[in-house]
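Work through the exercises below with the structure in view. Try each task before reading its solution.

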Amino acid sequence: MTEAAGGGRRAYREVTPDSVETLALVLREATESRSVVQVVGGGTRQGYGSPPAPDIVLDMAGLSGIEEWDPDDLTVTVGAGTPVADLEAELAGRSQTAVLPEVPGASTVGGVVAAGMSSLRRGRLLGTRERMLEVRLVTGDGRVVRGGGRVVKNVSGYDLPRLVVGAFGSLGVITSVCLKLWPRPPAAATVSIGDLESAGRVRRPLAVLEHDGSTEVFLWGTPEEVFSSTARLEGESREGHHWPADPAGPYRWSLRIPPASTTAGVSRLPPVWSYLAIHGAGEIRAASDVPDGAEDLRGWAEGVGGSLVVVEAPKDGINGLDPWGKPPPGLEIQRRLIAQFDPARVINPGRLPGGL
Amino acid sequence: MSLVQDLRAVLGDDRVLEEPVELYLYSRDASLMHGQATYVAFPHTTAEVAAVVRVAEAHAVPIIPRGAGTGLAAGAIPVDGGIVLSTTSMNQIELDVDNRTAWVGAGVINLDLSKEAEPYGLSFAPDPSSQSACTIGGNVANNSGGAHCLAEGATTSHVLGLEVVLAGGEVLVLGGQAPDTPGLDLKGLIVGSEGTLGVVTRALVRLLPIEADVRTLLLDFEDLSGATRTVSDVIAAGVVPAALEIMDQKMTTAVENWLRAGLPCDCAAILLAEVVGEPEAVEAEAALVSSIGLENGARNVQVARDEEERAILWKGRKSAFGAVAQVSPNYYLHDTVVPRSRLVETMEEVQAIADRYGLDVYNVFHAGDGNLHPLMAFDASDPVMLDKVHRAGEEMVAACLARGGALSGEHGIGLEKRDMMRDDFTELDLDAQARLKEAFDPAGLFNPAKVLPEGSRCFDFGGVRREIPDGAWL
Ligand SMILES: Cc1cc2nc3c(=O)[nH]c(=O)nc-3n(C[C@H](O)[C@H](O)[C@H](O)COP(=O)(O)OP(=O)(O)OC[C@H]3O[C@@H](n4cnc5c(N)ncnc54)[C@H](O)[C@@H]3O)c2cc1C
């Protein structure tokens, strides 16, 4: 464990636990002293919600690395602090993928899980929750808990592994996860198409992405299949997958809507916003210099049963806009659930909707 | 007013059952266990379900949600009395073809949903072998699987939203067509919770486009390990077929004697493999499966020539449990999982256990997922046999756990395996599970005595550790 004094407006303690036991100790103490703990993986998604200033910043880098990987089982168990890029590079060596975000920057596996971020391939291979087989976590009061197991099919008890996805650590600091892997087939191509309509010529493409005016279809499979699908699309094709990065800017947004409304969603974005739309999944990632237009967009999104979430915004620059919008149903139960795992509410408080 | 008067005030006289013979039927499911129902209630609407829940709370009587009663883990049986809440009248389907989703009443039969969606080129992927009888509510509650869940995932991967009735009769609509609903994913937690957190009244499910092409292969092997090795090798080669199912000789023979599906009975095991997708991919993947099979000693590779042949092969596979029922008064099976790479040794051990107890074991399983269903045929009127079957079953489960496996892959924990949860999880793990339950159902009225062993909450130290009463078994 290393400790350092933090700078900035308020002093905080920086802790890098190198074992689950140390982490449990830190959390138990935090609960006793009612300290605010901010958990940091790669630090790429610290903009959600409205958290109070931390007393302790937990750096998860000490709990990283591949713990168990049996390529023949298509499962891997990794420490939460493992960078996504490192894991995927390792897996690619055996033509496998954990189907995590393609352009992860410094993101860690634990961070991606806790923030509920998903792959651009989610239209075909679904989101991060579908990769979760086992989770190990340390609760706010320092209990070490496991849910699920290291097999691809399991209904033994409540589904804790999936519940931690998007929970921002409110049930505990994730220390390791076991993920269901997917084989990378031999052939891959990226095809630019003129109009979205023609993407329909491929029945189940890996991804159809639209960003800032251009549309690309991502294919993979056997060489024969990729070749014939490419021909049917009649676009300009490149070998391999050329994934776009998430739009960048002082304001970052996540628009979540029914899949069939994705085109409508794109047309409703303020024209100066940059965006990356995942067709078939109903997720649009966007960025802007100013928040203007967000309120109208959110009104529309909530009207179709979706949401507009603030992923990142300059401090005090959000003009009274709630980070999450309309609170989701069942807040009271969520509060009770969290109280069972983090009774003093020390881990990442204020990140979730409803100020949880 | 009395409990029954209150129930009748909500549902009318004809939708509350109390005759002993009716109660008897609703006191069992497809497991070998039974309980005792106090009343059976048939609500038609979500509002009626909420009203029944409030009546139950007022009288402090448990609620046991029930679909078709095909569950194999004694999840739907009332252990110590209570209101069995049958969902079978809640069977509306609303399709949204553009978004490829449907809102489905809990009582809708699984196969009826796919039939309804088929004209639009869509289908519901989870296909338990019991699909012509089991309900969507039961599928959601058990997170059921099926032969085609290998590539597409079990029920939880196909549930986007739920309408539920929780404690206090509170009705919530969770999730929806949009992805990543902000906040904790309560919907995902309710999937697989076996009716212990509340009653599911409707589910919003994802439908998949019916694939362009499909090829179904039947491979037969001189030894079971050739079949299991083929499965491991196919997965290791980077192909995830739509289905990879194995039946051993005993099972194949039982099915063949009953259905005459044309299955080869002179081999040790058959492997049913299905690949789907674009025609070019199907071609290549079918070739790969068959060559891996031949390398592992397959004698023949037969390819279904048309939809009719394919349907016959699948009917054979999906009738396996029924086929054993034709030849034996009783059967008992365990649903366990091992890492796929350890299938061969596990199957050998399962056979050795059965031999040691002098039991007949039939094997049919979702091999691609490492999900075993060793099935023991016996006569329950012989108490010695029942005891042997139990002990052998426990050893088989232990053998799977020892190899890094899980207690149940798809049938659920229910009452049947609840005490075995201690073999897989620590006290703190179980305590955490008990806390999840407590947050939803503080009074413990929803499907009590299921999933978690008594005294799971660590601070229940004073509590006696009650095991499943012997009388609960057949
Ligand atoms: C011949 C046979 C083959 C089978 N094959 C498979 C298979 O391939 N794969 C598989 O996974 N399973 C299989 N099963 C097991 C069983 O069919 C599934 O578990 C099925 O999903 C149960 O559905 P049901 O409607 O019968 O539920 P029930 O048996 O009535 O109930 C099962 C559980 O769900 C709860 N429940 C039911 N409805 C609700 C609701 N609306 N809200 C809350 N809780 C509810 C009950 O309380 C109980 O705990 C098979 C069973 C048989 C008899």
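**Exercise 1.** Find the bridge partner of A:Arg256 in β19(A), and describe how β16(A) is joined to its neighbours β19 and β18 of chain A.

*Solution.* 
Step 1. Start at A:Arg256: its bridge partner in β19(A) is A:Ser307. This is a predicted model.
Step 2. Widen the view to the strands. β16(A) and β19(A), the latter spanning residues 307–312, are antiparallel and are joined by five bridges.
Step 3. Turn to β18(A), residues 283–288, which is also antiparallel to β16(A) and is joined to β16(A) by six bridges. Here A:Arg252 has A:Ala287 of β18(A) opposite.

**Exercise 2.** Decide how many of the six residues of β16(A) are buried.

*Solution.* 
Step 1. Apply the cut-off: a residue counts as buried if 20 or more other C-beta atoms lie within 10 Å of its own.
Step 2. Go along residues 251–256 of chain A. Five of the six are buried, and β16(A) is mostly covered.

**Exercise 3.** Give the strand order of the open five-stranded sheet in chain B, and identify its edge strands.

*Solution.* 
Step 1. The order is β5-β6-β10-β8-β9 of chain B, and the pairing is antiparallel.
Step 2. An edge strand pairs on one side only; in chain B these are β5 (93–96) and β9 (171–175).
Step 3. From one strand to the next, the twist averages 15 degrees.
Step 4. Examine one pair within the sheet. β6(B), residues 101–105, runs antiparallel to β10(B), residues 199–206, with five bridges between them.

**Exercise 4.** Which strands of chain B does helix α3(B) touch, and which does helix α4(B) lie across?

*Solution.* 
Step 1. α3(B), residues 46–58, packs on the sheet and touches β8 (159–165), β9 and β10 of chain B. The direction of α3(B) makes about 50 degrees with that of β8(B).
Step 2. α4(B), residues 110–117, lies across β5 and β6 of chain B, at about 40 degrees to β5(B).

**Exercise 5.** Describe the side of chain A that touches chain B.

*Solution.* 
Step 1. Count the residues: 65 of chain A are in contact with 70 of chain B.
Step 2. List the elements of chain A that give two or more residues to this side: β9 (144–148), α5 (160–163), α6 (223–233), β19 and α9 (331–341).
Step 3. α9(A) gives the largest share, five residues.
Step 4. Sort this side of chain A by class: 27 residues are nonpolar, 20 polar and 18 charged.

Conventions
Residues are numbered from 1 along each chain as its sequence is written. Chains are lettered from A and ligands numbered from 1 in the order in which they are written. This is a predicted model: local features need pLDDT of at least 70, side-chain atom pairs count only at pLDDT 80 or more; totals for chains, interfaces and linings use all residues. A residue is buried if 20 or more other C-beta atoms lie within 10 Å of its own, exposed if 12 or fewer, and partly exposed in between; C-beta atoms are placed from the backbone. Helices (H or I, at least four residues) and strands (E, at least two) are DSSP runs, numbered from the N terminus. Two strands pair if DSSP finds at least two bridges between them. Axes are lines fitted to C-alpha atoms, for helices over the stretch in contact, and angles run from 0 to 180 degrees between N-to-C directions. Two residues are in contact if their C-beta atoms, placed from the backbone, lie within 7 Å. Ala, Val, Leu, Ile, Met, Phe, Trp, Tyr, Cys and Pro count as nonpolar, Asp, Glu, Lys and Arg as charged, and the others, Gly among them, as polar.
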